[in-house]
Amino acid sequence: MVGSPPESSLWLRAIGTETAREIPGTEGARSQLAWSPDSQSIVFAARTEIKRVGIDGGDPITLGDLRGAGGSSGFRGVSWSPDGERIVFSSSLRLWEIPARGGESQVLVDLDSGSVRQPHFLPTNGGPEALVYQMDAVGGAEIWVLNLETGERSAVGPGSAPVYSQEGYLIHGPNVASEGGLSALPFALASLEPTGEAFPIAEDGRVASVAGDSTLAFLDRNMAGVEGTLVWRNRAGELLATIGQPQPGMSGPALSPDGERIAVTSSESGSLDIWIHDLIRSAKTRLTFGGELEGQPTWSPLGQEIAYQSFGGPEGTSLRTKTTDGTGEAVVLIQPEGPLAAYPDWSRDGRYLVYYESNLETGRDIRYLEFGPDGEAGASVTFLNTPADERTPKLSPDGRFLVYVSDESGSYEIYVRQFPDGVGKWQVSVNGGQLPRWRSDGGELYYVEGTTLMAVSVSSEQGFTLGQPQALFEATELTSQLAGGLPYDVSADGQRFVTVAPFQGDQDDEEAAPPTIRVVQNWYEEFREREQ
């Protein structure tokens, strides 16, 4: 299993025990990983590299550089071949193969559009060598199979993140991310085709893994998630007040320009949606509706619109806006061919909207839209496109500078460039950093180092100068919250910070329980009679 971001790592826990141990040298590991056939090693991605590590210790071995294989940001899953010789991993539009001992990566699948992820080797058992994988397209996720002997590819059916169980089933998730549940699809290894209809096996299950002895493990988490509540903290991290109403799956707080409202992402509706908390009336209202997942809200300069990311629906990923009074339909600003367009941010004059987008060759790149006098957005413009991974752009209040995150040094750090010409570059963080924000007068920058909120003084009167980073406070909620957005925002004067803290409600409430990893031995026994 993987610890919490941004400095996540691999942890190992034996079934039947209550303790876990961290695997040294795996800092920065991503959530997708795979076991070797002999269960003695793990392959994983960390920052810009794909690595393998033994479970008994020792330094991880670097197998290859992800930046040379479609971009580090596109890593979407990995699998180890049954013979132990090859490793296959995905990077958005491509499936790659690399020797398990390390070496040159080779392309197995190259797409023109959509996104390929979660590859999984099938056992041969007399059939051809093959693997299954998930392919995202406009209509939702599909399961595909690749015959490695002939190169032939074919669609299996709707679903996500497929894994094979020895009873002859592909266990997979739903084809739409806003839905939940695991299903089992009868599947023949000899023909590489389904032999029947899928049936549900775990209503709230997701992210399955199956061992050779039919032990099934999966994440069991109701879509509502853990309840959180908005809180104010001072610069020392002391709790000043609880604000708004608690909500399940709350993340990504964003203060309105007048400081009277906070937009958040919440799963209260059973899916991820944007909600607005009115701090004056202590009321909340839902802003977005529909089958998509929506998150990462940012306010327009006058507070009349919110821009956000929409994904997981039949139309794919897009950046949208919607008026904050809830009237009218959402407006699609951009719908990229790639799998990601995320973390929008508006300039104070409303002229620009910056965001980052995935690119097949260079990973995440920063782009922007420029709005004309009529309010219409022009074509998307590239601001920063390098072999490194650039993300989470934020414009300074005067619009002259842009702060962003990049892994060009091998670890994620905070940088500033002039906007929109990109001239000059200043490094803000000195020991890693993520999730930057500006103070409203541009005189201070904030970012997260591990779980610590940092502050750096800024002066731009004559050139651009930075002070020494200062630690403000540490809080476990200061970590990246997946689709939700940045995990904090700052008041106009820089003296208070709003975060999402765990709601201390009814501790016996089962719905408020944290996510659980469930392990089921001989999972098929429960369904044998039903399937027959």
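Modeller: Contact means heavy atoms within 4.5 Å. Keep in mind that this model is predicted.

Biologist: What share of the contacts in the protein chain with a separation of 6 or more comes from residues 24 or more positions apart?

Modeller: Start with the chain itself, which has 532 residues. It has one helix and 47 strands. Among its contacts with a separation of 6 or more, the share from residues 24 or more positions apart is 41%.

Biologist: How much of the protein chain is buried?

Modeller: Buried means under 20% relative accessible area. The accessible surface of the chain comes to about 23,100 Å², and carbon and sulfur atoms hold 45% of that surface. Of the 532 residues, the buried part is 54%.

Biologist: How far apart in space are S183 and Y169, C-alpha to C-alpha?

Modeller: S183 is found in strand β17 (residues 182-188). Beyond its sequence neighbours, S183 is in contact with L170, I171, H172, A198, F199, P200 and I201. S183 and Y169 are 14 residues apart in sequence, and their distance in space is 9.3 Å.

Biologist: How many of the residues of β26 are buried?

Modeller: D273, W275 and H277 point one way from this strand. I274, I276 and D278 point the other way. In a regular strand the side chains alternate between the two faces of the sheet. Both sets in β26 are buried, and the count is six of six.

Biologist: Which residue in β26 stands opposite A263?

Modeller: β25 and β26 run antiparallel, joined by six bridges. They form a hairpin with six residues between them, and G270 in the turn has a positive phi of about 95°. Opposite A263 stands I276.

Biologist: What is the bridge partner of H277 in β27?

Modeller: β26 and β27 also run antiparallel, with four bridges. Their hairpin has four residues between the strands, and S282 there takes a positive phi near 55°. The partner of H277 is K284.

Biologist: How far apart in sequence are the parts that E268 and K284 tie together?

Modeller: E268 and K284 form a salt bridge, with the closest N and O atoms 3.8 Å apart. E268 lies in the loop between β25 and β26, while K284 lies in strand β27, so the pair ties together parts whose separation in sequence is 16 residues.

Biologist: Is D273 buried or exposed?

Modeller: D273 meets R286 in a salt bridge, 3.0 Å from N to O. D273 lies in strand β26 and R286 in strand β27, so the pair ties together parts 13 residues apart in sequence. R286 is partly exposed because its relative accessible area is 27%. D273 has 0% relative accessibility, so it counts as buried.

Biologist: How many residues apart are D389 and R364?

Modeller: Their side chains meet in a salt bridge of 3.2 Å, N to O. D389 is buried, and so is R364. D389 sits in the loop between β35 and β36, and R364 in strand β34. The pair links distant parts of the chain, with a separation of 25 residues.

Biologist: Which residues do salt bridges that share partners join into one network?

Modeller: The structure holds 16 salt bridges. Some share partners, and the network they form joins R235, R439, D441 and E444.

Definitions and conventions
Residues are numbered from 1 along each chain as its sequence is written. This is a predicted model: local features need pLDDT of at least 70, side-chain atom pairs count only at pLDDT 80 or more; totals for chains, interfaces and linings use all residues. Side-chain values use heavy atoms; hydrogens and water are left out. A salt bridge is a side-chain nitrogen of Lys or Arg within 4 Å of a carboxyl oxygen of Asp or Glu. Helices (H or I, at least four residues) and strands (E, at least two) are DSSP runs, numbered from the N terminus. Buried means under 20% relative accessible area, exposed over 50%, partly exposed in between (1.4 Å probe, protein chains only). Accessible areas come from the Shrake-Rupley method with a 1.4 Å probe; for residues, only the protein chains shown count as cover. Two strands pair if DSSP finds at least two bridges between them. Lists of a residue's contacts leave out its neighbours within four places in sequence.
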